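Grab a pencil and get ready to work through a few exercises on a protein. Try each task yourself before you read the solution under it.

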Amino acid sequence: MNLFVLFFNVACLAACWAGYTDNQWNQLQLKSEKCRKQLQLPEDSDIPARAHCGDVTMATELFKKFVHCESSSMGFVDENGLPIKKTLVDFMTEGHNNTLVQELVDRCAGGELGEQPHERAFNYYKCFWTQKKFEV
């Protein structure tokens with residue numbers, strides 16, 4: 001395994017895990033592994049770690065497909081990549097301000113999301129992570 005990738009994954013996971021509750025983190029890890037296998041990502045891929053940290057700079061097709069897979073597995077978007085607002089609000093308000101989360105989810109769900117399911121899911125994800133006003 002590339003030493004840089006290993007270091008990045010460990011650093012990112014440690015930083016990200018601190019913002020999620022144990023329940024949230026466990027749910028993400030279960031869905032992440034399912035999607036990693038489904039998309040045939042290598043075990044040392046940094047895509048899951050980047051997705052959990054809110055990395056919006058990695059806008060490859062594979063990253064977008066991972067975001068769609070995990071988001072749909074978590075119930076944040078449907079199979080068409082369209083937001084399911086209540087599920088994300090319920091998930092994110094565990095340990096965070098409900099009002100801030102609801103406003104953000106509403107704002108992001110109302111934006112231009114794209115043509116393809118993975119583009120819609122990624123654009124929703126990107127809006128959420130770039131406009132959030134609370135720490136994850």
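A salt bridge is a side-chain nitrogen of Lys or Arg within 4 Å of a carboxyl oxygen of Asp or Glu. Keep that handy, and keep in mind that you're looking at a predicted model.

**Exercise 1: Pairing up inside a helix**

Task: Work out how the side chains of Glu61 and Lys64 meet, and say whether each residue is buried or exposed, or in between.

Solution: 
- Step 1. Start with the idea behind the pairing: side chains of opposite charge can pair when their charged atoms come close.
- Step 2. Check the distance. From N to O, Glu61 and Lys64 are 4.0 Å apart, and their side chains meet in a salt bridge.
- Step 3. Find the pair in the fold. Glu61 and Lys64 are three residues apart in helix H4 (residues 61-74), so about one helical turn separates them.
- Step 4. Look at accessibility. Buried means under 20% relative accessible area, exposed means over 50%, and partly exposed is in between. Glu61 has 41%, so Glu61 is partly exposed. Lys64 has 15%, so Lys64 is buried.

**Exercise 2: The wider fold**

Task: Describe the secondary structure of the protein, and say what share of its residues is buried.

Solution: 
- Step 1. Count the elements: there are seven helices and zero strands.
- Step 2. Walk along the sequence, and the pattern you get is α-α-α-α-α-α-α.
- Step 3. Turn to burial. The protein has 136 residues, and 42% of them are buried.
- Step 4. Now ask how far along the chain the contacts reach. Take contacts between residues at least 6 apart in sequence: 60% of them join residues at least 24 apart.

**Exercise 3: H5 against H6**

Task: Decide how helix H5 and helix H6 are oriented, and find what holds a place in their contact.

Solution: 
- Step 1. Read off the geometry. H5 (residues 85-92) and H6 (residues 98-109) pack at about 150 degrees, and their axes are 9 Å apart.
- Step 2. Name the arrangement. That angle makes H5 roughly antiparallel to H6, because angles over 145 degrees count as roughly antiparallel.
- Step 3. List who takes part. H5 brings Lys85, Leu88, Val89 and Met92, while H6 brings Asn98, Val101, Gln102, Val105, Asp106 and Ala109.
- Step 4. Sort them by class, and you get six nonpolar, two polar and two charged residues.
- Step 5. Follow the charges. Lys85 and Asp106 meet in a salt bridge, at 3.3 Å from N to O. Lys85 sits in helix H5 and Asp106 in helix H6, so this pair ties together parts that are 21 residues apart in sequence.
- Step 6. Lys85, at 36% relative accessible area, is partly exposed. Asp106, at 33%, is partly exposed.

**Exercise 4: H6 against H7**

Task: Run through the steps for H6 and helix H7.

Solution: 
- Step 1. The axes of H6 and H7 (residues 117-131) come within 9 Å, and they cross at roughly 140 degrees.
- Step 2. H6 and H7 are therefore oblique to each other.
- Step 3. The crossing of H6 past H7 is right-handed.
- Step 4. From H6, the contact uses Leu104, Val105, Arg107, Cys108 and Ala109; from H7, it uses Tyr124, Cys127, Phe128 and Gln131.
- Step 5. By class, that's seven nonpolar, one polar and one charged residues.

**Exercise 5: Two loop residues**

Task: Find where Tyr20 and Gln40 sit, and say whether each is buried or exposed.

Solution: 
- Step 1. Tyr20 is in the loop between helix H1 (3-17) and helix H2 (22-38). At 8% relative accessibility, Tyr20 counts as buried.
- Step 2. Gln40 is in the loop between H2 and helix H3 (47-53). With a relative accessible area of 70%, Gln40 is exposed.
- Step 3. Look at the backbone too: phi of Gln40 is near 55 degrees, a positive value in a residue other than glycine.

**Exercise 6: Back to salt bridges**

Task: How many salt bridges does a search of the whole structure find?

Solution: 
- Step 1. The search finds seven salt bridges.
- Step 2. One more pair to check is Asp55 and Arg50, whose side chains meet at 3.0 Å from N to O. Both Asp55 and Arg50 are buried.

Technical notes:
Residues are numbered from 1 along each chain as its sequence is written. This is a predicted model: local features need pLDDT of at least 70, side-chain atom pairs count only at pLDDT 80 or more; totals for chains, interfaces and linings use all residues. Side-chain values use heavy atoms; hydrogens and water are left out. Axes are lines fitted to C-alpha atoms, for helices over the stretch in contact, and angles run from 0 to 180 degrees between N-to-C directions. Helices (H or I, at least four residues) and strands (E, at least two) are DSSP runs, numbered from the N terminus. Angles under 35 degrees count as roughly parallel, over 145 as roughly antiparallel, 65 to 115 as roughly perpendicular and the rest as oblique. Contact means heavy atoms within 4.5 Å. Ala, Val, Leu, Ile, Met, Phe, Trp, Tyr, Cys and Pro count as nonpolar, Asp, Glu, Lys and Arg as charged, and the others, Gly among them, as polar. Buried means under 20% relative accessible area, exposed over 50%, partly exposed in between (1.4 Å probe, protein chains only). A crossing is left-handed if the near helix is turned anticlockwise from the far one by less than a right angle, and right-handed if clockwise.
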